[in-house]
Amino acid sequence: MATLESLVFDNGFARLPEAYYSRVCPTPVPDPYLVCYSPEALALLDLDEGEMTRPELIETLAGNQLLPGMDAIAALYAGHQFGHYVPQLGDGRAILLGEVKNAAGQGWEVQLKGAGRTPYSRGGDGRAVLRSSIREFLCSEAMHALGIPTTRALCIVGSDRPVYREDEETAALVTRLAPSFVRFGSFEVFYYRNQIEPIKQLADYVIARYYPDLKTLADPYPEFLRQVALRTAELMAHWQAVGFSHGVMNTDNMSILGLTLDYGPFGFLDALDPGYVCNHSDTGGRYAFDQQPDVAAWNLTKLAQTLVPLMSVETASQAIGEYPQVFGKSYLERMAAKFGLPPGSEASGLIMDALQLMAQNHVDYTIFLRRLCDFDSREGALNAPLRDLVLDRAAFDAWAARYAAALRQQGSNDAERAAAMRAVNPKYILRNHLAEIAIRRAADERDYGEVNRLHALLMHPFDEQPEFESYAAEPPDWARKIEVSCSS
Ligand code: AMP
Ligand code: MG
């Protein structure tokens, strides 16, 4: 186990030429305090839990001091935001402190989000508020526990320093961990400046560190692009299957490693609504829930474009060409597992019809699938708990009869299927209202108990946790008024 002083730094990104970033120090905040931390994320750095109580660690993760070996930088990137190219974005409030090598040989970049202004702040204050930091912290760790590729969150450090959004709020910093924070936009910035060499050098860097199998290829770039497309397809299959809406799928929020990146106005489905728009600012619904797989495909074309200097247009378009099939196959496999069926055309039909039934009857997506785990496939079984969720009983009965027949025909064993389905249909997700309750307690009462409780609960989303039954319920009426937007 490491202590703060024994952490080993290996700052790969900072060894790239300065074209990719600016060296910048975090701006200190007064009297920082620990809001919450993730023991699971802490373990990625081999840090002993006792370290979390040390003032030196809090000061470091508040951006008030750097440790020997850290090389603080803000990365440059650009991106397509809501379809329009913005030539310079970059880490406007995130500062990479360095990369820690753990005992297992994994490298984890340690980044502070909300660490003050950088050369890329574009008039912003470089800060993050406690509210959005709690959402990012909880969701990063919840997504990981759901088995979805994501950046991680180590902790939140708060400070009473005021931050002005619609109202006055207080500042917080989330310590994020990821193997790399390189985005599609990290490539775009050089392409649109007509700088070919930096594109190649960045691709070489990403390949060498994160796609090492490709290093030996004579021409690794097409395969690199193909693998990014495959990872992105898998990520979209995960999101669609669990009912996660990112909210701001700009190319600068697309990870080159296929990770869920930059949690802002995200939302999980409550009642199934394919056109669900979680971001209050997204008035056109560009990033609606059911648009996400297509948006990712569009974003991949933007990445492919930047690599055209390294390959022909045909090669680039071929490299991302498998995306729709891979997404479709992976999504069907995930959904079939959630329904306890082997993937195939019969499963596909039953899934589509169930989704339609849920959408038409405003049925809670997560609750339906969790209750489906206990489906009784015997002839004539009523399956009342599931049936009660659907207003149109006749339509439900017709679907349930088909589903039961399919299960019987496969010789599916109810008890075994239930156990398998419970491992892929979460009971607990980070519903907006749960985050909201934790945020209010934290912001209004300085009570971080609920954030910690929710974090602990969401680390085991597939387990029955009877004492937390109410956390698995549909949102209360007041939750409809919650609005989340880009302002964070
Ligand atoms: P996002 O929509 O959060 O992914 O942010 C888009 C861009 O705006 C990124 O370049 C961010 O670094 C930048 N940004 C967001 N909030 C702030 C802020 N408070 N201060 C400076 N830059 C910001
Ligand atoms: Mg972003």
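Is asparagine 253 buried or exposed? Asparagine 253 is buried, with a relative accessible area of 10%. Keep in mind that what you're looking at is a predicted model.

**The magnesium site**
- The magnesium ion (ligand 2) is held by two residues, Asn253 through OD1 and Asp262 through OD, at 2.0 to 2.1 Å.
- Aspartate 262 is buried too, with a relative accessible area of 13%. That counts as buried because the cut-off is under 20%.

**How the chain is divided**
- The protein splits into domain 1 (9-181), domain 2 (185-331) and domain 3 (340-422).
- If you take the centres over C-alpha atoms, domain 1 and domain 3 sit 43 Å apart.

- In soluble globular proteins, nonpolar side chains tend to be buried together.
- Here, the largest nonpolar core has 165 residues, and the ones touching the most other members are Phe13, Phe187, Phe224, Phe368 and Trp399.
- Which helix gives the most to this core? That's helix α6 (residues 221-242), with 12 residues.
- Zoom in on phenylalanine 13: once you set aside its neighbours within four places in sequence, its contacts include Tyr20, Tyr21, Ile73, Leu96 and Val182. Glu109 is also one of its contacts.

**Isoleucine 351 in helix α10**
- Look for isoleucine 351 in helix α10, which covers residues 345-360.
- This isoleucine is buried, with a relative accessible area of 2%.
- Leaving out neighbours within four places in sequence, isoleucine 351 is in contact with Leu332, Met335, Ala336 and Phe339.
- Arginine 387 is 36 residues away from isoleucine 351 along the chain, and their C-alpha atoms are separated by 16 Å.

**Helix α14**
- Helix α14 runs over residues 414-422, and its buried residues are Arg417, Ala418 and Met421.
- Looking down the axis of α14, you'd find these buried residues within an arc of 105°, so they line one face of the helix.
- What do the buried residues of α14 pack against? They pack against α9 (323-339), α11 (365-372) and α13 (393-409).
- Turn to the face pointing away from the buried side of α14, and you'll see the exposed residues Ala415 and Glu416.
- The N-terminal end of α14 has a cap, asparagine 413: one of its side-chain oxygens lies 2.9 Å from the backbone nitrogen of alanine 415.

Key. Residues are numbered from 1 along each chain as its sequence is written. Chains are lettered from A and ligands numbered from 1 in the order in which they are written. This is a predicted model: local features need pLDDT of at least 70, side-chain atom pairs count only at pLDDT 80 or more; totals for chains, interfaces and linings use all residues. Side-chain values use heavy atoms; hydrogens and water are left out. Buried means under 20% relative accessible area, exposed over 50%, partly exposed in between (1.4 Å probe, protein chains only). Helices (H or I, at least four residues) and strands (E, at least two) are DSSP runs, numbered from the N terminus. The arc is that of the directions from the helix axis to the C-beta atoms. Contact means heavy atoms within 4.5 Å. A polar contact is a pair of N or O atoms within 3.5 Å; within protein, one must be able to donate a hydrogen and the other to accept it, and residues adjacent in sequence count only if both atoms are side-chain atoms. A nonpolar core is a set of buried Ala, Val, Leu, Ile, Met, Phe, Trp, Tyr and Cys residues joined through side-chain atoms within 4.5 Å. Donors are N, O and S atoms within 2.8 Å of the metal (3.2 Å for Na, K and Ca); water is not among the atoms, so sites may look incomplete. Domain bounds come from an automatic or database domain assignment.
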